[in-house]
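The sequence and structure are shown first.

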Amino acid sequence: MKKSHLLLFLCLLAMTSVGQKKITDKHITYQQERMVFKQWDADKFTPKSGFLGLNPQYWITWGLHPNYPKTDLRPLGPLGPQTQRLMFAAAMQNSDNVYKLHSDTLRNTAISEAVNYSGALGLAEPLWQIYYRKEFDDLLNQSDADLLSGLSLPEQSYLSSTGLYDWYKEESHALLERLELARTTSIDRGSRIIAYHRMLAEYRKLRAGWEMKKSRAKTYLNIKSAAEKLRNSDVSSPVTAKTDIQIANDILKKSKL
């Protein structure tokens, strides 16, 4: 029984394979080509109308859809929905790139402006590192105890008693405070550099004035000492007493010698 069933199955399979035949309908093939990849060719809309438009198959197929052959319905056609979606996606991508470029520009501008204005980055200023820090080094590291170094005790006493020492100390401290404010305050970089430049000119002028006063203190003390000696000698010999003008002239003559 099993062999008979197997033989019957093989016979049916052979008959089925022999009876199969590939059926090609050109109308369906044309429609598939139109909708998928080929151009929307109105000449390939079959069946045709025939002689004098008397083909009944044409009227059965296209009679209720007269505008169908004239309307391109390909998804990837020139105006197809898929083409429109691709164009819209490309347009959106282009818009995204424009917005990204704009946001990156704003970010870079904000960063550059922050660097330009931020007082926290004032110490990293290239001009400060290269030039101004060296020029202001004496002011930044100034010690009040060292202002009178190198002077004799009479010269130190003279500068302190006349108020010149306190004057220079107050002026240098005020200039140092202004310099620290310019370094740490959030201002425009150009304004910061201009402030450095102006304060450097003021510091050089102040420093030159202080050095001149220190040198003149020694000269003044020498003149004062010589004048006192002359006065003492004139007091001891009143016959040869001299006026202040004569004493000054004598001191100047001795200084020239």
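Apart from its neighbours within four places in sequence, Tyr 132 is in contact with Leu 127, Ile 193, Tyr 196, His 197 and Leu 200, where contact means heavy atoms within 4.5 Å. The model is a predicted one: local features need pLDDT of at least 70, side-chain atom pairs count only at pLDDT 80 or more, and totals for chains, interfaces and linings use all residues. Residues are numbered from 1 along each chain as its sequence is written, and side-chain values use heavy atoms, with hydrogens and water left out.

Tyr 132 is also among the residues that touch the most other members of the largest nonpolar core, together with Phe 136, Leu 159, Leu 179, Tyr 196, Met 199 and Trp 210. This core holds 22 residues; a nonpolar core is a set of buried Ala, Val, Leu, Ile, Met, Phe, Trp, Tyr and Cys residues joined through side-chain atoms within 4.5 Å. Helix H5 (126-135), H8 and H9 each supply at least two of its residues, and the largest share, eight residues, comes from H9. In soluble globular proteins, nonpolar side chains tend to be buried together.

## Chain architecture

The chain contains 10 helices and zero strands. Helices (H or I, at least four residues) and strands (E, at least two) are DSSP runs, numbered from the N terminus.

Of the 257 residues, 20% count as buried; buried means under 20% relative accessible area, exposed over 50%, and partly exposed in between (1.4 Å probe, protein chains only). The chain exposes about 19,300 Å², of which carbon and sulfur atoms supply 62%; accessible areas come from the Shrake-Rupley method with a 1.4 Å probe, and for residues only the protein chains shown count as cover. Among contacts with a separation of 6 or more, 59% are between residues 24 or more positions apart.

## Salt bridges

Seven salt bridges are present in the structure, each being a side-chain nitrogen of Lys or Arg within 4 Å of a carboxyl oxygen of Asp or Glu. One of them pairs Glu 202 with Arg 178, with the closest N and O atoms 2.7 Å apart. This pair links distant parts of the chain, 24 residues apart: Glu 202 belongs to helix H9 (residues 189-236) and Arg 178 to helix H8 (residues 164-184). Glu 202 is partly exposed at 36% relative accessible area, and Arg 178 is partly exposed at 38%.

Within helix H8, Glu 180 and Arg 183 lie three residues apart, about one turn of the helix, and their side chains meet in a salt bridge (2.9 Å, N to O). Glu 180 is partly exposed at 29% relative accessibility, whereas Arg 183, at 13%, is buried. Salt bridges that share partners join Arg 207, Glu 211 and Lys 214 into one network.

## The loop residue Gln 142

Gln 142 is located in the loop between helix H6 (137-140) and helix H7 (153-161). Its side chain is joined to that of Ser 172 by a polar contact of 2.9 Å. A polar contact is a pair of N or O atoms within 3.5 Å; within protein, one must be able to donate a hydrogen and the other to accept it, and residues adjacent in sequence count only if both atoms are side-chain atoms. Leaving aside neighbours within four places in sequence, Gln 142 is in contact with Leu 147, Tyr 168, Ser 172 and His 173.
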